[in-house]
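Please look over the structure shown here before reading on, and keep it in view as you work through the points below.

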Amino acid sequence: MKNKFFSAMLVATMLLTGCAGNEESDADNINDQISVSDTTTTSAATESAVTEEAVEIVPERIYPDNAYKALDRTFLSAEVAERGSVVKFTYETKDNVGGGDMVYEKYALVYLPAGYDENDTETRYNVMYFMHGGSDSPEWFLKGEGQKSEFAYLFDSLIANGEMEPAIICFVSYYTEYRSDDTQNCLNFHHELMNDLIPAFESKYHTYAEDVTPEGIRASRLHRAFGGFSMGAVTTWATFENRLDSIAYYMPVSGDCWALGGTAGGSRPTATAEHLAQVVKNSGFTAEDFYIYTGCGGNDIAEPNLRPQADAMAQLTDTFIECDNFADGNFYFCLYENGGHDKNTVLNVMYNGLPKMFG
Ligand code: FER
C-alpha cells in the first residue's frame, strides 16, 4: 500500500543522501506517522541492501481516473453474489468540549462488507466514517439494522465489481443530548470521533489500527476516511482542520467549510481556502499526505458555497493539487450536473469517489 511506498521512499532517500534524519523535525515526524504501521518493513529495509529496496518498491495503489461518470443505477438494486450487512454499534460518549462526568450512549449504523467475519482477526478493512445532514440520522443512508438500502447496494456493487476494496462504512450522528446548537455539534464532532467513537469502534471492528491509542490511530491514517453530506460536509471540513494526523481521506459532499462563519466557503472563498491551506502547513503535513474528494450537484443549494471554495482551493497549488487522478494530486471537485441537495447527489459522488479512497 502507499504507506509501504512512502516508507520505502523514505528509506531510499535517507540511504541515497546519506542522511540519518533529524528526529525532531516536522518532516520526519510526518514520515514517522505515515510509516509507523509498516515499521517492520522500514527497519528491515534499513538493514537490508540498498539496491533491493530502491528498485523493487512500486506503489501498489493504482488510482482510477477521477473523470466524473454518471451513476450506473443497476448498482443500486442489481443482485450481486454477496451482500454486506447493516448493524448497529453503540458507544459511550461525553461532552468533550464542555466537560463534566455525564456519560451518554450514542449509536452508529454500520455497513459491513460481504465476508466480514468477526472471528477473522487477520483480515483488515479500510474504514470510512460518514455524517448525515441537518435534521437527519444514520437511517437516512442505511434505513436501519438488517435493512436494505440504495447505499448498502451501492457499496456491495462497487466491491463486487472490484471497483473498491471491501470497506467498513460507519454512519454517525452529530446530535448530542447536551448541546442543541447544530453548528457547534458539527464543528466539535471530531473530539467525540477521536476520543470516544474510534477507540470503541476500531477495538471491535478489524480496521488497520493495530491498537486504538492515538499513535495506533495515526499510524493507520491512510486506511481511514471521513465524509458527510450538507451539515455532514461542514463536519468533514472541521474534521480535516483538526484530525489530519489521524485521517488521510476526506469526502465532503454538498457543503462548505464553516471555519470562518456559516457558508463562508461561498461568501469568503479565498479566505476559507487560505485558512485551510494554513491549517495544513501548521499541521506539518504536506500535499502528499492527504486526499480530498469533494462534490455537489449542479442544482444543489450548497453549490454556491462549495464551488467557489473548491475553485479558490485549486488556486493554492502548493497545498491543494487539483487532479484527474490521485496519483498526480490530492484534490478533486466532482460536479453532478443536474443534481440537487439530496441522496441522489450523495450516491453519485460516492459512486465516483469511493473507488479513489484509501491508500
Ligand atoms: C452548505 C452547507 C451546509 C449549505 C447548507 C448546509 C446551503 C446545511 C444546511 C442545513 O442542514 O440546514 O453549504 O448550503
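In this predicted model, an oxygen atom of the ligand lies 2.6 Å from an N or O atom in the side chain of Asp256. The points that follow start from the ligand, then turn to the nonpolar cores and to one tyrosine.

**The ligand and its surroundings**
- An oxygen atom of the ligand is also found 2.7 Å from an N or O atom in the side chain of Asn305, and the protein covers 72% of the 370 Å² of accessible area that the ligand has on its own.
- The residues around the ligand include Gly134, Ser230, Met231, Trp258 and Ile301, and the shell as a whole divides into 5 nonpolar, 4 polar and 1 charged.

- In soluble globular proteins, nonpolar side chains tend to be buried together.
- The largest nonpolar core here has 51 residues, and Tyr129, Phe201 and Phe320 have the most contacts inside it; its largest share, 7 residues, comes from helix 7 (residues 182-204).
- Leaving aside residues up to four places away in sequence, Phe320 touches several residues, among them Phe240, Leu276, Phe290 and Met313.
- Another core, of 43 residues, lies apart from the largest one, and its members include Leu71, Leu154, Tyr291 and Leu354.

**Tyr336**
- Tyr336 belongs to strand 8 (residues 331-336), and it counts as buried because its relative accessible area is 17%, under the 20% cut-off.
- Although Tyr336 and Gly295 are 41 residues apart in sequence, they are 7.5 Å apart in space, C-alpha to C-alpha.
- The side chain of Tyr336 makes a polar contact with the side chain of Asn344 (3.1 Å), and Tyr336 also touches Tyr68, Cys296 and Asn348, among others.

How values were computed:
Residues numbered from 1 in each chain as written. Predicted model: local features only at pLDDT ≥ 70, side-chain atom pairs only at ≥ 80, totals over all residues. Heavy atoms only, no water. Near = heavy atom within 4 Å. Polar contact = N/O pair within 3.5 Å; in protein donor to acceptor, adjacent residues only side chain to side chain. Areas by Shrake-Rupley, 256 points an atom, 1.4 Å probe, with all protein chains shown as cover. Nonpolar A, V, L, I, M, F, W, Y, C, P; charged D, E, K, R; others polar. Core = buried A, V, L, I, M, F, W, Y, C linked by side-chain atoms within 4.5 Å. Buried < 20%, exposed > 50% of the residue type's maximum accessible area, 1.4 Å probe, protein only. Helix = DSSP H or I, 4+ residues; strand = E, 2+ residues; numbered from the N terminus. Contact = heavy atoms within 4.5 Å.
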